Amino acid sequence: MAILLGQAGSCWTPAAIATSYPPLEGSIHADAVVVGAGIVGLTTALRLCEAGRSVIVIEGLRTGGQVTGRSTAKITTQHALIYRHLIYTLGRDLAQAYADANSAGAVQIGEWVRNYAMPCDLETKDAYTYTCDASRRAEIVAEAEAARQVGLNADILDRAPLPFETAAALRFSDQAQFNPAMYLVGLAQAVTARGGRIFENSRAISVGEASRWRVVTGSGTVHAEHVVVATNMTVKSPVGMANRTQPRCHTAMAFRIEDPLAVDGMFIGIDDPTHSIRTGRDTEGPLLVTLGSKFDTGQDGDVAKRFVELEKWARKNLPIGDVAWRWCNEDYDTADRVPFAGEPDPDKAPGFHIATGFNAWGITNGTAAGTMIADLIRARPSPWQRLYDPARSYPEDFHKNGRSQSIVSSADHIVPGAGGVIVRGDEKIAVWRDVEGELHSVSATCTHKGCTVTWNNADSTWDCPCHGSIFAADGSVIHGPARTPLAPATL
């Protein structure tokens, strides 16, 4: 395996205040319980708290360190080539709803940052979609025309303001970027200031219905009229979400830069392999953050190679210094490129709300979805219900399961720092060898639906190639939809 430079982890979290909310203990009651302290969950919670509702938020790990805190955190209505696609496939009305929802999400973020004085490095930036292929200029032009049809300001440029040659670019002016981990910490503080309660290290083990909705953790229970499952992929839903979405990852790297304005703006390429670029900062100074192209979670046996390729591209094209940070982030795609959010089955499961499938554009979409869910809980209709309808039709062949990419014949083939899956009869064992050479083993069977996991050699995690659950090397859950750790196993 290649030696990867930089510190493993998101560049955003070191600058955020570490939260220390207690774990849930005992039995408590509220109007609503929110599962997941990401951007959807905390947006929903704050909107409800502002309306005087009692809200409990439970988080399996810590606030700010999961999917939202590992994103590129672009606050923009420009989502690559989206509007022409939406107009063509879903029609003008839903394309307009998508533009309106994301515009409202961006406005809401700005208002809360100002109203609650949230320190989160919020700054105005133009957003650019670019191509290096002159034959694709027509796609840029068509996207600009589509964006204007739904009321967005879009300019066509002959080239993007980047330090390498491009053939055309689409600019959305006056967009924004921020530190997402700091923003989530600010949202959490606003929630508690408004009377909401947050419990960390409190993973939801079960979500069920008795006289009210009941969410059970390892040491406590919340009873509520409404439950909001905001866990990237839903850990439970009355309408199955696992096959309506496709789990995917991006590799991300943050490099030291001397001039924070050397690349001024937020950029997303449309050429394959795609790259995303923006600036940022950690506690030591300015950074240039880049993303590589997406790949299906658990379906790549050499994720480390993707970091090598991303660094090679960045050094060729951008004015960067040392690698400061590197990480993977996971999201879920939908067939129509629109998230699923709301009540999946209001007749059979009233008060049960979900949000998933953000297609890597979860900052504004997630804020809009959280706002909508809070409105639905308050019995206020939302103009985005049809757009985000979680029970809408989908192509049944969209989701593609994969197989483990880590099968080895014996532990002798696992070098220090690496992992592999050993098949012993009907049993599959996930084996990891630490740097001292000692072997550690757990079951390789994902606790969600039984698929065999793959070793991620960049993050040292076990990733499910079917529905995207991610487990630490010791088998503990990092991301659902799995709710329980990989089972113990011995070689």
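Biologist: What is the bridge partner of Gly 420 in β22?

Modeller: In β22, Gly 420 is partnered by Val 431. This is a predicted model, in which local features need pLDDT of at least 70 and side-chain atom pairs count only at pLDDT 80 or more, while totals for chains, interfaces and linings use all residues. Residues are numbered from 1 along each chain as its sequence is written, and side-chain values use heavy atoms, with hydrogens and water left out.

Biologist: What makes β21 and β22 a pair of strands?

Modeller: Strands are DSSP runs of E with at least two residues, numbered from the N terminus, and two strands pair if DSSP finds at least two bridges between them. Strand β21 (residues 419-424) and strand β22 (residues 427-433) are joined by 6 bridges and run antiparallel, so by that definition they pair. Arg 424, for instance, stands opposite Glu 427 in β22. The two strands form a hairpin with 2 residues between them, and Gly 425 in the turn has a positive phi of about 65°.

Biologist: How do you know that β22 and β23 pair?

Modeller: DSSP finds 5 bridges between them, in the antiparallel sense, and the definition asks for at least two, so they pair. In β23, the partner of Val 431 is Ser 441.

Biologist: Why are β20 and β23 said to stand at the edges?

Modeller: The open sheet has 4 strands in the order β20-β21-β22-β23. β20 (407-408) and β23 (439-443) each have a single partner strand, so one side of each is left without a neighbour in the sheet.

Biologist: Why is Cys 451 called buried?

Modeller: Buried means under 20% relative accessible area, exposed over 50%, and partly exposed in between (1.4 Å probe, protein chains only). Cys 451 has 16% relative accessibility, so it counts as buried. Cys 466, at 2%, is buried also, and so is Cys 446, at 4%.
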